[in-house]
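Please keep the sequence and the model in view while reading.

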Amino acid sequence: MPDNCVFCRIVAGELPAKIIYQDDQVVAFRDTNPQAPVHILVIPREHIAGPLDFTDGLAGLAGQLIVAAGHVARQEGIAGDGYRLVLNQGRQGGQSVFHVHLHVLGGRRMTWPPG
Ligand code: 5GP
Ligand code: ZN
């Protein structure tokens, strides 16, 4: 685990988080600065810096983030109305935590284009 990775520390149980789903590959927890009524982050347990670091060998794990987001959406009651999945890559993409995370946003109407 890289030092000072807040999401690795959440996975390790060293930092508190409102975990709402987890399995052997991923953990999902509420964002501390929610941008929608439902705002959950789905992360791999393994430290992967960003979407760009998903190599061919990690394609299955990348897919598990989306599968887990579906579990989360059903659990949170937003599956029927719909929700948005966001993966930010790098500074210009809006990434601020460099442990890859899939945002699950719902509970309100999303706009397009995104900011
Ligand atoms: P990014 O900007 O990298 O795509 O998204 C990072 C997200 O992580 C932000 O929405 C931010 O609010 C959230 N975040 C940052 N630090 C923490 C933390 O310690 N705990 C939780 N639950 N969310 C965090
Ligand atoms: Zn990490």
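Followed from the N terminus, the elements of the chain run α-β-β-β-α-β-β, which comes to two helices and five strands. The radius of gyration of the chain is 14 Å, close to the 13 Å that the globule rule gives for 115 residues, and the chain is therefore as compact as a globular protein of that length. Along its principal axes, the C-alpha trace spans about 35 × 30 × 25 Å. It should be kept in mind throughout that this is a predicted model.

The five strands form an open sheet, in which their order is E1-E2-E3-E5-E4 and the pairing is antiparallel. Strand E1, residues 19-22, and strand E4, residues 83-86, stand at the edges with a single partner strand each, so one side of each is left without a neighbour in the sheet. From one strand to the next, the twist averages 20°. In general, the strands of a sheet pair through backbone hydrogen bonds, in either a parallel or an antiparallel way.

Within this sheet, strand E3, which covers residues 38-44, pairs with strand E5, residues 102-106, in the antiparallel sense over five bridges.

Which residues lie closest to ligand 1? The ligand is surrounded by 15 residues, and the closest are Asp31, Asn88, Gly94, Ser96 and His103. Two of these can be described through an oxygen atom of ligand 1: such an atom is 2.6 Å from a polar backbone atom of Ser96, and an oxygen atom of the ligand is 2.8 Å from an N or O atom in the side chain of His103. For a nitrogen atom of ligand 1, a backbone N or O atom of Arg30 lies 2.9 Å away. Taken alone, ligand 1 exposes 510 Å², and the protein buries 80% of that.

The last stop is in the segment after E5, where Pro113 is found. Trp112 and Pro113 are joined by a cis peptide bond, with omega at about 5°.

Methods: Residues are numbered from 1 along each chain as its sequence is written. Chains are lettered from A and ligands numbered from 1 in the order in which they are written. This is a predicted model: local features need pLDDT of at least 70, side-chain atom pairs count only at pLDDT 80 or more; totals for chains, interfaces and linings use all residues. Side-chain values use heavy atoms; hydrogens and water are left out. Two strands pair if DSSP finds at least two bridges between them. Helices (H or I, at least four residues) and strands (E, at least two) are DSSP runs, numbered from the N terminus. Axes are lines fitted to C-alpha atoms, for helices over the stretch in contact, and angles run from 0 to 180 degrees between N-to-C directions. A residue is near a molecule or strand if one of its heavy atoms lies within 4 Å of it. A polar contact is a pair of N or O atoms within 3.5 Å; within protein, one must be able to donate a hydrogen and the other to accept it, and residues adjacent in sequence count only if both atoms are side-chain atoms. Accessible areas come from the Shrake-Rupley method with a 1.4 Å probe; for residues, only the protein chains shown count as cover. The radius of gyration is taken over C-alpha atoms; the globule rule is 2.2 Å times the number of residues to the power 0.38.
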